[in-house]
Amino acid sequence: MPQKNSSASSTQAGYDLIAQAYADHVYGELAHKPFDRAFLDRLAADVPAGQVLDVGCGPGHVTRYLADRGMTVQGLDLSGEMVAQAHRLNPGLPFLQGDMRALPCADASLAAVVAFYAVIHFPPAELQSVFTELARVLRPGGLLALAFHVGDEVRQVEALWGVATRLDFHFFQPDQVVQSLQAAGLTDIELTERPPYDATVEAQTQRCYLRAHKPSQ
Ligand SMILES: C[S@@+](CC[C@H](N)C(=O)[O-])C[C@H]1O[C@@H](n2cnc3c(N)ncnc32)[C@H](O)[C@@H]1O
């Protein structure tokens with residue numbers, strides 16, 4: 001089981017500081033993102049039964065969206081303050097604090113894992129081990145759904161929405177992510193890129209949305 005390291009501690013601290021602001025600015029975003037809604041609608045249609053985990057769930061708007069479409073979904077986040085926001089905004093939905101690199105889930109227990117902009121705080125060299133852990137908990141045929149920013153940079157952020165914090169955002173090339181997924185044993189990989197929506201909606205970065213499957217036995 002991976003040990004919590006200083007990078008994870010600083011990511012957790014960074015999100016604890018901005019959890020309220022993140023919830024205020026991002027919780028309603030899906031209303032303005034038709035591509036993202038269609039991607040999640042397809043997920044809900046393709047995974048009709050079984051437990052789903054939204055890792056790095058933040059304030060829980062993706063968790064809520066999937067639950068509203070009939071999925072049995074739980075959110076998990078490293079930041080205790082984010083989990084508190086998720087509980088506040090989504091009474092009745094299950095959320096827990098945890099690390100996606102050491103999930104409190106049995107092997108092959110989940111129908112799907114969703115990770116929207118959640119692996120973006122890991123350097124590329126760590127992606128394969130993160131995906132290996134996500135693959136461990138997927139049942140055969142289970143689906144991993146990812147979203148991330150496309151590029152080569154590491155964006156070091158010292159404030160968001162006027163709130164001081166310290167977070168590193170890693171951008172990835174889709175080929176790099178596909179190679180890490182394949183090395184983690186995932187197959188049937190499908191990806192789509194989209195340009196950013198308006199600056200009033202989201203950061204002006206190219207986006208990639210990706211689906212990958214654990215092979216059926
Ligand atoms: C950019 S936010 C994305 C939140 C939400 N999924 C969304 O689409 O808005 C990244 C989230 O991942 C969480 N996170 C970062 N590292 C994590 C880890 N190792 N395990 C679980 N959550 C993590 C952060 O606390 C944060 O809430």
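The legends below describe close-up views of a predicted model.

**View 1. The residues around the ligand.**
The shell around the ligand holds 20 residues. Among these, Tyr 22, Gly 56, Asp 77, Met 100 and Phe 116 are the closest. Sorted by type, the shell has 12 nonpolar, 6 polar and 2 charged residues. The ligand takes up the space of the largest pocket. Two elements give two or more residues to the shell, namely helix 1 (6–26) and strand 2 (72–77). Helix 1 supplies the largest share, with 4 residues.

Which residue has a polar side-chain atom 2.6 Å from an oxygen atom of the ligand? That residue is Asp 77. In the side chain of Asp 99, an N or O atom lies 2.9 Å from a nitrogen atom of the ligand. Phe 116 takes part through its backbone: a polar backbone atom of this residue is 2.8 Å from a nitrogen atom of the ligand. The ligand exposes 600 Å² when taken alone, and the protein buries 98% of that area.

**View 2. Helix 2 and Asp 36.**
Helix 2 covers residues 34–46, and Asp 36 lies in it. Is Asp 36 buried or exposed? Its relative accessible area is 1%, so Asp 36 is buried. From Asp 36 to Val 62 there are 26 residues in sequence. In space, the C-alpha atoms of Asp 36 and Val 62 are 9.6 Å apart.

**View 3. Helix 3 and the glycine that follows.**
Helix 3 consists of residues 61–68. Which residues of helix 3 are buried? They are His 61, Val 62, Thr 63, Tyr 65 and Leu 66. Val 62 is also the residue whose C-alpha lies 9.6 Å from that of Asp 36. Just after helix 3 comes Gly 70, with a positive phi of about 95°.

**View 4. Gln 85 and Arg 88.**
Gln 85 is a residue of helix 4, which covers residues 80–89. The relative accessibility of Gln 85 is 8%; the limit for buried is under 20%, so Gln 85 counts as buried. How are the side chains of Gln 85 and Arg 88 joined? A polar contact of 2.6 Å links the two side chains.

**View 5. Glu 133 and Arg 136.**
Glu 133 belongs to helix 5, which covers residues 124–137. With a relative accessibility of 12%, Glu 133 counts as buried. The side chain of Glu 133 makes a polar contact of 2.9 Å with the side chain of Arg 136.

The loop between strand 4 (110–116) and helix 5 contains Tyr 117. Most residues other than glycine have a negative phi. Tyr 117 is not a glycine, yet its phi is positive, at about 50°. Is Tyr 117 buried or exposed? At 14% relative accessibility, Tyr 117 counts as buried.

**View 6. The loop between strand 6 and strand 7.**
Trp 161 sits in the loop that links strand 6 (154–160) with strand 7 (163–170). The phi of Trp 161 is near 50°, a positive value in a residue other than glycine. Why does Trp 161 count as partly exposed? Its relative accessible area is 37%, which falls between the 20% limit for buried and the 50% limit for exposed, so Trp 161 is partly exposed. Gly 162 is found in the loop between strand 6 and strand 7 too. At 77% relative accessibility, Gly 162 counts as exposed. Gly 162 and Ala 45 are 117 residues apart in sequence, and their C-alpha atoms are 39 Å apart in space.

Gly 98 lies in the loop between strand 3 (95–97) and strand 4. The relative accessible area of Gly 98 is 16%, so Gly 98 is buried.

Note on methods
Residues numbered from 1 in each chain as written. Predicted model: local features only at pLDDT ≥ 70, side-chain atom pairs only at ≥ 80, totals over all residues. Heavy atoms only, no water. Near = heavy atom within 4 Å. Polar contact = N/O pair within 3.5 Å; in protein donor to acceptor, adjacent residues only side chain to side chain. Areas by Shrake-Rupley, 256 points an atom, 1.4 Å probe, with all protein chains shown as cover. 1 Å grid on protein atoms, 1.4 Å probe; cavity = no way out; pocket = protein on both sides within 12 Å on 5 of 7 lines; lining within 4 Å. Sits in = over half its atoms within 2 Å of the grid points. Nonpolar A, V, L, I, M, F, W, Y, C, P; charged D, E, K, R; others polar. Buried < 20%, exposed > 50% of the residue type's maximum accessible area, 1.4 Å probe, protein only.
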